[in-house]
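Morning, everyone. I have one structure to go through, so let me put it on the screen.

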Amino acid sequence: MLVLGGAAAAFAYFTSSGTANSTGSVGSATNWSVTATGGSGTPTASGTLYPGVGTSTLGFRVTNAGTGHQAINSVTVTVPADGSGNALDSSGTAISGCLASWFSVGSSSFLASDGTTVVTLSSPHDLAGAGYITGTTTITMTNAAVAQDACQGKSPRYTVTVA
Amino acid sequence: MNLSSHKVSWSFRRRVVAAVVVLTSLSATAAFAYTRATGAANGSGTVGTMQTVTVAAFVGGDTPSSSLYPGGPAADVILRVNNPNSFTVHVTSIAGNGTITADAGHAGCSTTGVSYTAPSNPSITLPSGSTLVHLAGAASMSTASLSACQGATFNIPVTLAVQR
């Protein structure tokens, strides 16, 4: 008994080790939902652009469509172009002669879902499942030294990308 | 007694190990969630169409600052222009586009002798609304002008080109 007891004590203090394996479930990241500020439809813009005059204000909502927490790292608004630099219209068709580079996208501002708390994305912003922020971005049109008639009456596409 | 005591100790250490594993898993989950999700959507804006600038009727007080004389110096031409846009436009040309005629009260002035010289590089801006434009030295009268043209006001058809 004593020998056995001594062996047990030595085992416990110097060589004891244990491992255990278990498996958990890690959810998949869910893409952000980008909609109009009301939570459905596509982002909408108000205002009319002319060369050097007017602003177009784009409003949108970024929603965590998943059930777990996710963090927004960045939101980028662009005026996409085809291979020749032409802006695209709302259906994705190039507006020949209307250059995307004539449109300037300003900085975006963000509000939390309470509608008043300002959100900055200088660092990742955590959102719980179904949580959202709203964003506002202004776009202007440059008054170029060339005819810009190709843009008249058109609806240049704006793309909101969230990462 | 000793054996029993060591078993308790072993059991405790296993709990410690298990707790560490759980914490590690939570940490990994957070890192995963912060880096993978993306999203995108398209909206569109509106580029306006410029409304046509028109030449409008004169209003009271719209008079040239100089008069024409046969063989005399060039005189100014005036035109009232309406810019219906909400923004300023720039006049790029004011070209003559028709026969110059005398007013209805001078029917005998069939040969006006009046000519129009378009400004080569007009530096004219038109704010929104109505503007009276003076074109200095844009009209002249030759000696071919009939005597019946005395006191007449001449209508000079022009076409304006503007740009934003």
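Contact here is C-beta atoms, placed from the backbone, within 7 Å.

On conventions: this is a predicted model, where local features need pLDDT of at least 70 and side-chain atom pairs count only at pLDDT 80 or more, while totals for chains, interfaces and linings use all residues. Residues are numbered from 1 along each chain as its sequence is written, and chains are lettered from A and ligands numbered from 1 in the order written.

pLDDT is the predictor's confidence in each residue, from 0 to 100. Chain A has a mean of 86, with 82% of its residues at 70 or more. Residues 1-20 of chain A stay under 50. Where pLDDT is low, predicted coordinates should not be read in detail.

Val62(A) is also among the residues with the most contacts inside the largest nonpolar core, which has 31 residues. Such a core is a set of buried Ala, Val, Leu, Ile, Met, Phe, Trp, Tyr and Cys residues joined through C-beta atoms within 7 Å; buried means 20 or more other C-beta atoms within 10 Å of a residue's own, exposed 12 or fewer, partly exposed in between.

Next, the sheet. It is open, with 3 strands in the order β5(A)-β12(A)-β1(B), paired antiparallel. Strands are DSSP E runs of at least two residues, and pairing takes at least two bridges. Between β5(A) and β12(A) there are 4 bridges, and Val75(A) has Val162(A) as its bridge partner in β12(A).

Notes:
Contact = placed C-beta atoms within 7 Å.
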